[in-house]
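Please keep the sequence and the structure in view while reading.

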Amino acid sequence: MTSSPGPTDASAAGTWKLGDLTVNRIGLGAMRLTQSGPAFTHGPSSDRARSLTVLRRAVELGVNHIDTAAFYFSPLRSANELINSALAPYGDDLVITTKVGPGRDPSGEWVWGRPDQLRGQVEENLRQLGRDHLDVVNLRIARSGTAASVAEHFGALSELREAGLIRHLGISNTTAEQLAEAREIAPVVCVQNMYGIGSPPEDGALLRLCGEQGIAFVPFFAISGAGKESGATVAESDTVRAIARTHAATPAQVRLAWTLQQGPHLLAIPGTGSPEHLVENIAAGALRLTADELDRLGP
């Protein structure tokens, strides 16, 4: 056995800057805090005390980057409210990243905000989190909108940044062309796109572009992969399981370690509602895969 990822804290993964904000490269995604089972379904809400425990334990273990959104909610839980209740007053080093563009009505149905509605979405996040400004706001683009211009929406967010409601801007579910368009309007500190083991090789081009431009690349579904919001429901490959055994690790830890080793600008934001899985995820920041193992897992 080699380099077993034992108990550690988030600093073991190293750091990166979101603009002028330094974060540990392994953080926490808040999507799974609100619901037991797949997100964005009509399933049962999460156990509130358990979700609060996850958030507080994450900070104790060095997590200082939490990714959330106002549309992360279930019938009884709101991710932003849980973060506020668990962690306010917030530590000076805690960076909370949120996203706007999509929203959900009280029934849970999806709606997409027009440029003139983004201020309301930003203010909703501010109220729920109990903040006077948002550290980082990502413009989330619809999966069907990757050929569309982002100028109006990103321009509206740039105005809110100039007004002091937002500190830094990012863009999510985007293309290289949209990223370039956004950067003509305002600085972009991060890109959030789906990426992980098994992603098409061409998806790595944007990852590398971000590295060249000093932009953080923050992949979502790095653990669940094709399972997306439903979680890691797809059987693991023999290669992932074999490498996990070599390191006395879990397949999820191997996936996170692979993600972090794709470049120093990669930030992992694994989500979980389990205190036990939280510790495992953070421990993955100390797992170092060999060059041969990285090659076997793919580009």
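Predicted model: local features only at pLDDT ≥ 70, side-chain atom pairs only at ≥ 80, totals over all residues.

Arg104 is placed over the face of Phe73, at 4.1 Å from the ring centre.

**Aromatic pairs**

Trp110 belongs to an aromatic cluster together with Phe40, Phe71 and Tyr72. Across the structure, the count of aromatic pairs comes to six. One of them joins Phe71 to Trp110 in an edge-to-face arrangement, with 5.3 Å from centre to centre and 65° between the planes. Phe71 is found in the loop between β4 (65–67) and α2 (79–87), whereas Trp110 is in strand β7 (residues 110–112), so this pair ties together parts that are 39 residues apart in sequence. With a relative accessibility of 6%, Phe71 counts as buried, while Trp110, at 39%, is partly exposed.

Tyr195 and Trp258 form a stacked pair, 5.7 Å centre to centre and with 25° between the planes. Because Tyr195 lies in the loop between β10 (190–192) and α6 (203–213) and Trp258 in helix α8 (residues 251–260), the pair links parts that are 63 residues apart in sequence. Both Tyr195 and Trp258 are buried.

**Salt bridges**

Side chains of opposite charge can pair when their charged atoms come close. In the whole structure, 10 salt bridges are found.

| Arg57 | Glu60 | 3.3 Å |

Where do Arg57 and Glu60 lie? Both are in helix α1 (residues 48–60), three residues apart, which is about one turn of the helix. Arg57 is partly exposed, at 35% relative accessibility. Glu60 has a relative accessible area of 59% and therefore counts as exposed, the cut-off being over 50%.

Arg119 and Glu123 both belong to helix α3 (residues 118–129); because they are four residues apart there, about one helical turn separates them. Glu123 is partly exposed, with a relative accessible area of 29%, and Arg119 is likewise partly exposed, with 41%.

Methods
Residues numbered from 1 in each chain as written. Heavy atoms only, no water. Salt bridge = Lys/Arg side-chain N within 4 Å of Asp/Glu carboxyl O. Helix = DSSP H or I, 4+ residues; strand = E, 2+ residues; numbered from the N terminus. Buried < 20%, exposed > 50% of the residue type's maximum accessible area, 1.4 Å probe, protein only. Phe/Tyr/Trp six-rings, centres within 6.5 Å; stacked < 30°, edge-to-face > 60°. Lys NZ or Arg CZ within 6 Å of the ring centre and 35° of its normal.
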